[in-house]
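I opened the notebook to look up the chain as a whole, then one residue in it. My entries follow.

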Amino acid sequence: MAQYLDPGRVIMGTFGQIFIDGAWQSNLNHLEANVEAEKKELNLVGTDYTVFKLGRKKGTGTMSGYKVTSDMISRGFAKFSIINKLDDPEAYGFERIQLNNCMVDKIQLANWTAGEEIAEETAFTFESYELLDPIVAS
């Protein structure tokens with residue numbers, strides 16, 4: 001008989017955490033980070049398929065949440081590191097990924113409307129990553 005996924009093992013973002021240079025950013029509630037690979041097309045003899053060679057990689061991301069301090073303005077365009085911790089008490093464990101040499105794309109100086117919470121969204125790039133703690137099914 002097939003083994004079905006235990007729904008309790010599905011990870012929810014509720015317990016996610018973002019650390020910038022080691023400081024927990026409790027005001028942030030969204031993080032997305034991606035690595036995109038450039039692939040070089042090669043036309044080789046002996047095959048009727050186009051094959052690919054891995055080229056340069058590019059790390060991009062976005063983090064967002066509520067404005068509480070002026071930290072992102074004060075930081076300017078200086079490089080920093082992000083540690084993303086994804087945790088769920090019912091999961092097989094937690095995952096931590098470190099994004100290295102992060103740099104913001106632009107600094108939001110003002111964006112507000114009377115009577116509304118102030119949200120900040122910061123797009124950034126990064127130059128490498130490390131999987132510090134993987135989640136492994138037991």
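Entry one, contacts. Among contacts in the protein chain between residues at least 6 apart in sequence, I found that 66% join residues at least 24 apart. Contact means heavy atoms within 4.5 Å.

A note on the source. This is a predicted model, where local features need pLDDT of at least 70, side-chain atom pairs count only at pLDDT 80 or more, and totals for chains, interfaces and linings use all residues. Residues are numbered from 1 along each chain as its sequence is written, and side-chain values use heavy atoms, with hydrogens and water left out.

Entry two, the fold. I looked up one helix and eight strands in the protein chain. Helices (H or I, at least four residues) and strands (E, at least two) are DSSP runs, numbered from the N terminus. From that end, the elements run β-β-β-β-α-β-β-β-β. The radius of gyration of the protein chain (taken over C-alpha atoms) is 20 Å, well over the 14 Å that the globule rule (2.2 Å times the number of residues to the power 0.38) gives for 138 residues, so the chain is more spread out than a compact globule. Along its principal axes, the C-alpha trace spans about 65 × 45 × 30 Å.

I found E120 in strand β7, which covers residues 119–126. Is E120 buried or exposed? E120 is buried, because its relative accessible area is 9%, and buried means under 20% (1.4 Å probe, protein chains only). Leaving out residues up to four places away in sequence, E120 touches M63, S64, G65, K67, M72 and Q108.

Methods: Buried means under 20% relative accessible area, exposed over 50%, partly exposed in between (1.4 Å probe, protein chains only).
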